[in-house]
Amino acid sequence: MNLPLNSPVNEAVLSRIDQPIAYATGLPNECYTTHDAFVRDRDAVMTPGWVCVGFIDQLDTQNFALPVDFMGLPLVITRDSEDVFRVFHNVCSHRGMHLTNEPCKNNGLLRCPYHNWTYALDGTLRGTPHIGGYGTHTHPDFNTDDNGLKEVRSAVWLGAVFINLSGDAEPFETYTAPIRQQWTSLVTEEQLSRFWQGGEFSSLSLTVQSNWKLAVENFLESYHLPSVHPELNRISPLDQHYCVDYFDNGAGQGTLNYTRFDVKGTQLPTLDGWEPQRIATAEYPVLYPNTFFGIHADQLFILYLQPINQHETIEHVRIYYVDSTGDEFKEHRDAIAASWDSVFREDVFAVERMQTGRQSPAYAGGAFSPVMDEPTHHFHKWVARKLAASASRPE
Ligand code: FES
Ligand SMILES: [Fe+2]
(Lines give C-alpha, C1' and ligand atoms only; values in the text may rest on other atoms or scores of the structure.)
(Ligands and ions follow the chains in the order given, each with its own letter.)
Protein backbone atom coordinates (compact mmCIF):
# COMPACT_ATOMS: atom_id res chain seq x y z
CA MET A 1 0.00 0.00 0.00
CA ASN A 2 1.32 3.41 -0.93
CA LEU A 3 0.66 6.13 1.65
CA PRO A 4 2.99 8.99 0.81
CA LEU A 5 0.64 11.83 1.75
CA ASN A 6 -0.16 13.36 5.10
CA SER A 7 -3.39 12.16 6.63
CA PRO A 8 -5.99 14.89 7.32
CA VAL A 9 -6.91 13.00 10.49
CA ASN A 10 -4.36 12.38 13.21
CA GLU A 11 -4.89 11.26 16.81
CA ALA A 12 -5.83 14.79 17.95
CA VAL A 13 -8.50 15.17 15.26
CA LEU A 14 -9.74 11.65 15.88
CA SER A 15 -10.19 12.40 19.57
CA ARG A 16 -12.57 15.26 18.71
CA ILE A 17 -14.63 13.01 16.43
CA ASP A 18 -14.53 9.96 18.69
CA GLN A 19 -16.55 11.61 21.47
CA PRO A 20 -20.10 11.01 22.65
CA ILE A 21 -22.17 12.40 19.82
CA ALA A 22 -23.41 15.53 21.63
CA TYR A 23 -19.81 16.69 22.08
CA ALA A 24 -18.29 15.37 18.87
CA THR A 25 -17.28 17.23 15.76
CA GLY A 26 -17.19 15.74 12.30
CA LEU A 27 -14.42 15.19 9.78
CA PRO A 28 -12.53 18.39 8.95
CA ASN A 29 -12.96 20.22 5.65
CA GLU A 30 -9.73 18.97 4.14
CA CYS A 31 -11.10 15.42 4.15
CA TYR A 32 -13.47 16.60 1.43
CA THR A 33 -11.63 19.24 -0.53
CA THR A 34 -8.10 18.21 -1.42
CA HIS A 35 -6.59 15.83 -3.91
CA ASP A 36 -4.26 14.51 -1.23
CA ALA A 37 -7.23 13.57 0.95
CA PHE A 38 -8.87 11.85 -2.02
CA VAL A 39 -5.78 9.71 -2.57
CA ARG A 40 -5.58 9.08 1.16
CA ASP A 41 -9.21 7.89 1.11
CA ARG A 42 -8.32 5.46 -1.64
CA ASP A 43 -5.19 4.12 0.01
CA ALA A 44 -6.19 4.13 3.68
CA VAL A 45 -9.99 3.82 3.66
CA MET A 46 -10.83 1.88 0.50
CA THR A 47 -7.78 -0.27 -0.29
CA PRO A 48 -7.57 -2.32 2.93
CA GLY A 49 -11.18 -3.52 2.72
CA TRP A 50 -13.92 -4.39 0.26
CA VAL A 51 -15.33 -1.80 -2.16
CA CYS A 52 -18.03 -2.02 -4.81
CA VAL A 53 -16.82 -1.17 -8.33
CA GLY A 54 -19.50 -2.36 -10.76
CA PHE A 55 -22.49 -4.47 -11.68
CA ILE A 56 -22.19 -7.70 -13.62
CA ASP A 57 -24.97 -6.66 -15.99
CA GLN A 58 -22.45 -4.20 -17.43
CA LEU A 59 -20.80 -7.29 -18.91
CA ASP A 60 -23.87 -8.60 -20.65
CA THR A 61 -22.23 -11.26 -22.80
CA GLN A 62 -19.47 -13.79 -22.32
CA ASN A 63 -15.93 -12.83 -23.33
CA PHE A 64 -16.31 -9.23 -22.27
CA ALA A 65 -14.01 -6.68 -20.66
CA LEU A 66 -15.17 -3.60 -18.76
CA PRO A 67 -12.55 -1.01 -17.87
CA VAL A 68 -13.17 0.74 -14.57
CA ASP A 69 -11.54 3.85 -13.12
CA PHE A 70 -11.16 3.28 -9.41
CA MET A 71 -10.09 6.58 -7.87
CA GLY A 72 -7.43 7.02 -10.53
CA LEU A 73 -6.37 3.37 -10.70
CA PRO A 74 -7.13 1.62 -13.98
CA LEU A 75 -8.89 -1.70 -13.42
CA VAL A 76 -10.70 -4.06 -15.77
CA ILE A 77 -13.53 -6.47 -14.96
CA THR A 78 -13.66 -9.51 -17.23
CA ARG A 79 -16.27 -12.18 -17.90
CA ASP A 80 -14.96 -15.29 -19.60
CA SER A 81 -16.65 -17.98 -21.67
CA GLU A 82 -17.66 -19.83 -18.50
CA ASP A 83 -19.21 -16.77 -16.82
CA VAL A 84 -16.35 -16.37 -14.39
CA PHE A 85 -15.92 -12.71 -13.40
CA ARG A 86 -12.46 -11.46 -12.50
CA VAL A 87 -10.87 -8.09 -11.84
CA PHE A 88 -7.36 -7.14 -12.93
CA HIS A 89 -5.13 -4.13 -12.83
CA ASN A 90 -5.73 -2.75 -16.31
CA VAL A 91 -2.10 -2.38 -17.30
CA CYS A 92 0.07 -4.31 -19.72
CA SER A 93 2.92 -6.24 -18.15
CA HIS A 94 5.27 -5.16 -20.94
CA ARG A 95 5.74 -1.40 -20.97
CA GLY A 96 2.77 -0.54 -18.82
CA MET A 97 0.22 0.68 -21.33
CA HIS A 98 -3.30 1.19 -19.99
CA LEU A 99 -4.51 -2.02 -21.55
CA THR A 100 -8.14 -1.46 -22.49
CA ASN A 101 -10.11 1.76 -22.22
CA GLU A 102 -13.44 0.83 -23.83
CA PRO A 103 -15.97 -1.84 -22.82
CA CYS A 104 -15.46 -4.58 -25.40
CA LYS A 105 -16.72 -7.93 -26.51
CA ASN A 106 -13.69 -9.97 -27.50
CA ASN A 107 -12.62 -13.42 -28.59
CA GLY A 108 -11.45 -14.39 -25.15
CA LEU A 109 -8.24 -12.42 -25.44
CA LEU A 110 -7.25 -8.92 -24.45
CA ARG A 111 -4.74 -7.42 -26.84
CA CYS A 112 -2.49 -4.57 -25.88
CA PRO A 113 -2.52 -2.09 -28.77
CA TYR A 114 1.11 -1.05 -28.28
CA HIS A 115 3.09 -4.21 -29.17
CA ASN A 116 0.23 -6.72 -29.44
CA TRP A 117 0.90 -8.78 -26.35
CA THR A 118 -2.28 -10.76 -25.62
CA TYR A 119 -3.82 -12.03 -22.40
CA ALA A 120 -6.54 -14.61 -21.77
CA LEU A 121 -9.45 -13.48 -19.61
CA ASP A 122 -7.97 -15.39 -16.69
CA GLY A 123 -4.98 -13.07 -16.91
CA THR A 124 -2.58 -15.55 -18.51
CA LEU A 125 -0.11 -14.03 -20.94
CA ARG A 126 -0.76 -15.85 -24.21
CA GLY A 127 1.04 -13.98 -26.95
CA THR A 128 4.32 -12.04 -27.09
CA PRO A 129 4.83 -11.43 -30.80
CA HIS A 130 8.43 -10.91 -31.94
CA ILE A 131 9.69 -10.92 -28.37
CA GLY A 132 12.73 -12.92 -29.43
CA GLY A 133 13.32 -10.87 -32.61
CA TYR A 134 11.32 -10.55 -35.80
CA GLY A 135 9.29 -13.70 -36.35
CA THR A 136 10.34 -15.27 -33.03
CA HIS A 137 7.53 -15.11 -30.50
CA THR A 138 9.28 -16.57 -27.46
CA HIS A 139 12.58 -16.02 -25.76
CA PRO A 140 14.34 -18.60 -23.59
CA ASP A 141 15.01 -16.10 -20.82
CA PHE A 142 11.49 -14.65 -20.74
CA ASN A 143 9.08 -16.35 -18.38
CA THR A 144 5.51 -15.99 -19.67
CA ASP A 145 4.04 -17.33 -16.44
CA ASP A 146 5.49 -14.42 -14.45
CA ASN A 147 4.06 -11.76 -16.74
CA GLY A 148 0.33 -12.26 -16.73
CA LEU A 149 -2.12 -9.58 -15.68
CA LYS A 150 -2.11 -8.78 -11.98
CA GLU A 151 -5.38 -9.98 -10.52
CA VAL A 152 -7.31 -8.07 -7.85
CA ARG A 153 -9.19 -10.07 -5.25
CA SER A 154 -12.89 -9.85 -6.07
CA ALA A 155 -16.33 -11.18 -5.24
CA VAL A 156 -19.80 -10.91 -6.78
CA TRP A 157 -22.80 -10.45 -4.53
CA LEU A 158 -26.36 -9.58 -5.56
CA GLY A 159 -25.12 -8.67 -9.02
CA ALA A 160 -22.51 -6.24 -7.70
CA VAL A 161 -18.75 -6.63 -8.07
CA PHE A 162 -16.59 -5.95 -5.02
CA ILE A 163 -12.82 -5.77 -4.84
CA ASN A 164 -10.20 -5.86 -2.13
CA LEU A 165 -7.14 -4.09 -3.50
CA SER A 166 -4.80 -4.93 -0.64
CA GLY A 167 -5.62 -8.62 -0.99
CA ASP A 168 -5.56 -9.19 2.76
CA ALA A 169 -8.99 -8.06 3.96
CA GLU A 170 -11.26 -10.45 5.80
CA PRO A 171 -13.11 -13.03 3.66
CA PHE A 172 -15.91 -11.42 1.66
CA GLU A 173 -18.52 -13.43 3.55
CA THR A 174 -17.17 -11.99 6.80
CA TYR A 175 -17.40 -8.47 5.37
CA THR A 176 -21.08 -8.92 4.45
CA ALA A 177 -22.01 -10.95 7.53
CA PRO A 178 -23.06 -7.92 9.65
CA ILE A 179 -25.42 -6.47 7.04
CA ARG A 180 -26.85 -9.90 6.33
CA GLN A 181 -27.37 -10.33 10.05
CA GLN A 182 -29.07 -6.93 10.17
CA TRP A 183 -31.53 -8.09 7.53
CA THR A 184 -32.42 -11.42 9.05
CA SER A 185 -35.59 -10.07 10.63
CA LEU A 186 -36.78 -9.00 7.17
CA VAL A 187 -35.30 -11.29 4.58
CA THR A 188 -33.29 -14.51 4.26
CA GLU A 189 -30.31 -15.25 2.02
CA GLU A 190 -32.48 -17.49 -0.09
CA GLN A 191 -35.09 -14.78 -0.52
CA LEU A 192 -32.46 -12.25 -1.51
CA SER A 193 -31.20 -14.57 -4.22
CA ARG A 194 -34.63 -14.44 -5.84
CA PHE A 195 -34.41 -10.74 -6.67
CA TRP A 196 -34.17 -10.14 -10.38
CA GLN A 197 -32.57 -7.13 -12.06
CA GLY A 198 -35.37 -5.14 -13.55
CA GLY A 199 -33.99 -4.47 -17.00
CA GLU A 200 -33.52 -1.41 -19.13
CA PHE A 201 -35.24 1.22 -17.00
CA SER A 202 -34.01 -0.14 -13.70
CA SER A 203 -30.53 1.29 -14.10
CA LEU A 204 -29.83 4.85 -13.05
CA SER A 205 -26.66 6.86 -13.03
CA LEU A 206 -26.17 10.30 -11.58
CA THR A 207 -23.11 12.54 -11.34
CA VAL A 208 -22.88 14.82 -8.33
CA GLN A 209 -20.34 17.56 -7.70
CA SER A 210 -19.57 16.32 -4.27
CA ASN A 211 -17.09 14.24 -2.35
CA TRP A 212 -18.16 10.59 -2.07
CA LYS A 213 -18.37 10.79 1.73
CA LEU A 214 -21.03 13.51 1.62
CA ALA A 215 -23.17 11.24 -0.54
CA VAL A 216 -22.75 8.45 2.03
CA GLU A 217 -23.64 10.83 4.85
CA ASN A 218 -26.77 11.91 3.03
CA PHE A 219 -27.90 8.30 2.60
CA LEU A 220 -27.34 7.60 6.27
CA GLU A 221 -29.97 9.96 7.60
CA SER A 222 -33.66 10.64 7.22
CA TYR A 223 -33.39 13.99 9.04
CA HIS A 224 -33.60 15.86 5.73
CA LEU A 225 -36.76 14.09 4.61
CA PRO A 226 -39.31 16.88 5.27
CA SER A 227 -37.19 19.59 3.68
CA VAL A 228 -35.58 17.80 0.73
CA HIS A 229 -38.19 15.12 -0.07
CA PRO A 230 -41.58 16.60 0.84
CA GLU A 231 -43.46 14.19 -1.42
CA LEU A 232 -41.71 11.13 0.01
CA ASN A 233 -42.21 12.53 3.50
CA ARG A 234 -45.95 12.73 2.82
CA ILE A 235 -46.19 8.96 2.24
CA SER A 236 -43.32 7.90 4.52
CA PRO A 237 -43.01 10.63 7.15
CA LEU A 238 -39.99 11.31 9.29
CA ASP A 239 -41.70 10.18 12.48
CA GLN A 240 -42.05 6.70 10.99
CA HIS A 241 -38.30 6.38 10.42
CA TYR A 242 -35.76 4.80 12.72
CA CYS A 243 -31.99 4.36 12.78
CA VAL A 244 -30.82 0.93 11.73
CA ASP A 245 -28.81 -0.68 14.50
CA TYR A 246 -25.16 -0.15 13.83
CA PHE A 247 -23.03 -2.90 12.56
CA ASP A 248 -19.25 -2.71 12.42
CA ASN A 249 -19.03 -1.64 8.80
CA GLY A 250 -22.33 0.07 8.20
CA ALA A 251 -25.34 1.98 9.48
CA GLY A 252 -28.49 3.51 8.10
CA GLN A 253 -32.16 4.07 8.57
CA GLY A 254 -35.45 2.35 8.10
CA THR A 255 -39.12 3.16 7.77
CA LEU A 256 -42.24 1.57 9.18
CA ASN A 257 -44.41 3.19 6.58
CA TYR A 258 -43.22 2.00 3.17
CA THR A 259 -46.11 2.14 0.73
CA ARG A 260 -45.95 -0.22 -2.23
CA PHE A 261 -46.66 1.30 -5.62
CA ASP A 262 -50.17 0.96 -6.85
CA VAL A 263 -50.78 0.91 -10.59
CA LYS A 264 -54.42 0.58 -11.64
CA GLY A 265 -55.24 -1.13 -8.37
CA THR A 266 -52.43 -3.69 -8.61
CA GLN A 267 -49.12 -4.00 -6.81
CA LEU A 268 -45.86 -5.79 -7.45
CA PRO A 269 -45.49 -9.26 -5.99
CA THR A 270 -43.64 -9.45 -2.70
CA LEU A 271 -41.00 -11.92 -1.62
CA ASP A 272 -42.49 -15.22 -0.51
CA GLY A 273 -42.03 -15.47 3.21
CA TRP A 274 -41.79 -11.73 3.94
CA GLU A 275 -43.91 -11.42 7.03
CA PRO A 276 -47.23 -9.72 6.19
CA GLN A 277 -47.11 -7.59 9.34
CA ARG A 278 -43.74 -6.20 8.16
CA ILE A 279 -44.85 -5.39 4.63
CA ALA A 280 -44.51 -1.66 5.36
CA THR A 281 -41.02 -2.02 6.83
CA ALA A 282 -38.11 -1.07 4.59
CA GLU A 283 -34.46 -0.52 5.46
CA TYR A 284 -31.78 1.66 3.89
CA PRO A 285 -28.36 0.65 5.17
CA VAL A 286 -25.00 1.73 3.84
CA LEU A 287 -22.35 -0.98 3.75
CA TYR A 288 -19.18 1.04 4.20
CA PRO A 289 -17.48 2.44 2.40
CA ASN A 290 -19.56 2.97 -0.72
CA THR A 291 -22.62 0.74 -1.16
CA PHE A 292 -26.17 1.77 -0.28
CA PHE A 293 -29.11 -0.63 -0.20
CA GLY A 294 -32.87 -0.20 -0.12
CA ILE A 295 -34.56 -3.41 0.91
CA HIS A 296 -38.33 -3.67 0.55
CA ALA A 297 -40.79 -6.54 0.33
CA ASP A 298 -41.23 -5.98 -3.41
CA GLN A 299 -37.96 -4.37 -4.55
CA LEU A 300 -34.30 -4.00 -3.73
CA PHE A 301 -32.05 -1.24 -4.94
CA ILE A 302 -28.28 -1.21 -4.78
CA LEU A 303 -26.39 2.03 -5.28
CA TYR A 304 -22.63 2.26 -5.31
CA LEU A 305 -20.55 5.40 -5.38
CA GLN A 306 -17.70 5.80 -7.82
CA PRO A 307 -15.50 8.63 -6.54
CA ILE A 308 -14.04 10.50 -9.53
CA ASN A 309 -12.09 13.11 -7.60
CA GLN A 310 -12.42 14.96 -4.32
CA HIS A 311 -15.45 16.91 -5.53
CA GLU A 312 -17.12 14.63 -8.07
CA THR A 313 -18.85 11.28 -7.60
CA ILE A 314 -20.99 9.07 -9.81
CA GLU A 315 -23.91 7.23 -8.25
CA HIS A 316 -24.69 3.95 -10.03
CA VAL A 317 -28.05 2.34 -9.22
CA ARG A 318 -29.70 -0.97 -10.02
CA ILE A 319 -33.24 -1.89 -9.01
CA TYR A 320 -34.22 -5.51 -8.53
CA TYR A 321 -37.68 -7.04 -8.33
CA VAL A 322 -39.17 -10.22 -7.05
CA ASP A 323 -40.69 -11.46 -10.23
CA SER A 324 -39.37 -11.47 -13.77
CA THR A 325 -42.79 -11.72 -15.38
CA GLY A 326 -41.91 -9.13 -17.99
CA ASP A 327 -44.55 -6.80 -19.34
CA GLU A 328 -47.17 -7.59 -16.74
CA PHE A 329 -45.41 -5.39 -14.20
CA LYS A 330 -43.57 -3.05 -16.51
CA GLU A 331 -45.62 -0.01 -15.46
CA HIS A 332 -44.88 -0.72 -11.81
CA ARG A 333 -41.18 -1.02 -12.51
CA ASP A 334 -41.17 2.16 -14.55
CA ALA A 335 -43.02 4.01 -11.77
CA ILE A 336 -40.58 2.79 -9.14
CA ALA A 337 -37.54 3.65 -11.26
CA ALA A 338 -38.96 7.13 -11.93
CA SER A 339 -39.64 7.60 -8.24
CA TRP A 340 -36.11 6.66 -7.15
CA ASP A 341 -34.66 8.77 -9.93
CA SER A 342 -36.63 11.72 -8.60
CA VAL A 343 -35.66 11.08 -4.96
CA PHE A 344 -31.96 10.73 -5.78
CA ARG A 345 -32.06 13.91 -7.88
CA GLU A 346 -33.71 15.80 -5.03
CA ASP A 347 -30.64 15.02 -2.96
CA VAL A 348 -28.19 16.49 -5.48
CA PHE A 349 -28.41 20.12 -4.40
CA ALA A 350 -27.96 19.08 -0.77
CA VAL A 351 -24.73 17.13 -1.24
CA GLU A 352 -23.38 19.69 -3.70
CA ARG A 353 -23.97 22.57 -1.28
CA MET A 354 -22.40 20.52 1.51
CA GLN A 355 -19.36 20.32 -0.75
CA THR A 356 -19.17 24.07 -1.42
CA GLY A 357 -19.81 24.69 2.27
CA ARG A 358 -16.60 22.86 3.03
CA GLN A 359 -14.62 25.69 1.47
CA SER A 360 -15.53 27.81 4.48
CA PRO A 361 -12.76 28.31 7.06
CA ALA A 362 -15.52 28.91 9.60
CA TYR A 363 -16.56 25.28 9.44
CA ALA A 364 -14.47 22.82 11.42
CA GLY A 365 -16.41 19.57 11.30
CA GLY A 366 -19.67 21.01 12.60
CA ALA A 367 -21.97 19.33 15.09
CA PHE A 368 -24.36 16.39 15.15
CA SER A 369 -27.94 16.06 16.28
CA PRO A 370 -27.59 13.58 19.15
CA VAL A 371 -30.70 11.80 17.91
CA MET A 372 -30.92 12.27 14.14
CA ASP A 373 -27.26 12.04 13.17
CA GLU A 374 -26.12 8.91 14.97
CA PRO A 375 -25.48 6.94 11.75
CA THR A 376 -23.56 9.90 10.30
CA HIS A 377 -21.41 10.11 13.42
CA HIS A 378 -20.84 6.36 13.23
CA PHE A 379 -19.53 6.76 9.67
CA HIS A 380 -17.27 9.67 10.63
CA LYS A 381 -15.72 7.59 13.39
CA TRP A 382 -15.24 4.65 11.01
CA VAL A 383 -13.45 6.85 8.43
CA ALA A 384 -11.50 8.84 11.01
CA ARG A 385 -10.13 5.72 12.70
CA LYS A 386 -8.82 4.42 9.39
CA LEU A 387 -7.24 7.75 8.51
CA ALA A 388 -5.70 8.17 11.95
CA ALA A 389 -4.36 4.61 11.88
CA SER A 390 -2.75 5.29 8.51
CA ALA A 391 -1.26 8.52 9.86
CA SER A 392 0.46 6.70 12.70
CA ARG A 393 1.65 3.80 10.55
CA PRO A 394 5.23 3.96 9.30
CA GLU A 395 5.29 4.73 5.58
S1 FES B 1 3.09 -2.12 -23.64
FE2 FES B 1 1.68 -3.66 -24.01
S3 FES B 1 2.57 -4.86 -25.56
FE4 FES B 1 4.05 -3.37 -25.15
FE1 LIG C 1 -32.38 12.10 0.54
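Student: In which hand does helix 6 cross helix 10?

Tutor: Handedness tells you which way the near helix is turned relative to the far one. In this predicted model, helix 6 crosses helix 10 in the right-handed sense.

Student: At what angle do helix 6 and helix 10 pack, and how far apart are their axes?

Tutor: Helix 6, residues 212-220, and helix 10, residues 348-357, pack at about 130°, and their axes are 9 Å apart. Helix 6 is therefore oblique to helix 10, since angles count as roughly antiparallel over 145 degrees and as roughly perpendicular from 65 to 115.

Student: Which residues make that contact?

Tutor: From helix 6, look for Leu214, Ala215 and Asn218. Helix 10 brings Ala350, Val351, Met354 and Gln355. Sorted by class, the contact of helix 6 with helix 10 has five nonpolar residues and two polar ones, with no charged residues.

Student: Let me try another pair. How do helix 3 and helix 11 cross?

Tutor: Begin with the angle and the axes again. Helix 3 (residues 35-46) and helix 11 (residues 374-392) have axes that come within 9 Å and cross at roughly 95°. That angle makes helix 3 roughly perpendicular to helix 11.

Student: Which residues meet there, and how many are charged?

Tutor: On the helix 3 side they are Arg40, Ala44 and Val45; on the helix 11 side, Val383, Lys386, Leu387 and Ser390. Two residues in this contact of helix 3 with helix 11 are charged, four are nonpolar and one is polar.

Student: Now the strands. Is strand 17 largely enclosed or exposed?

Tutor: For burial, count neighbours: a residue is buried if 20 or more other C-beta atoms lie within 10 Å of its own. Strand 17 covers residues 299-309, and nine of its 11 residues are buried, so the strand is largely enclosed by the rest of the structure.

Student: In what sense does strand 17 pair with strand 16, and what joins the two?

Tutor: Strand 16, residues 291-295, pairs with strand 17 in the antiparallel sense, over five bridges. One place to look is glycine 294, whose bridge partner in strand 17 is phenylalanine 301. The link from strand 16 to strand 17 is a hairpin of three residues.

Student: How many bridges link strand 17 with strand 18?

Tutor: There are 10 bridges between strand 17 and strand 18 (residues 312-321), and this pairing is antiparallel. Find tyrosine 304 and you will see histidine 316 of strand 18 opposite. A hairpin through two residues joins strand 17 to strand 18.

Definitions and conventions:
Residues are numbered from 1 along each chain as its sequence is written. Chains are lettered from A and ligands numbered from 1 in the order in which they are written. This is a predicted model: local features need pLDDT of at least 70, side-chain atom pairs count only at pLDDT 80 or more; totals for chains, interfaces and linings use all residues. Axes are lines fitted to C-alpha atoms, for helices over the stretch in contact, and angles run from 0 to 180 degrees between N-to-C directions. Helices (H or I, at least four residues) and strands (E, at least two) are DSSP runs, numbered from the N terminus. Angles under 35 degrees count as roughly parallel, over 145 as roughly antiparallel, 65 to 115 as roughly perpendicular and the rest as oblique. Two residues are in contact if their C-beta atoms, placed from the backbone, lie within 7 Å. Ala, Val, Leu, Ile, Met, Phe, Trp, Tyr, Cys and Pro count as nonpolar, Asp, Glu, Lys and Arg as charged, and the others, Gly among them, as polar. A residue is buried if 20 or more other C-beta atoms lie within 10 Å of its own, exposed if 12 or fewer, and partly exposed in between; C-beta atoms are placed from the backbone. Two strands pair if DSSP finds at least two bridges between them.
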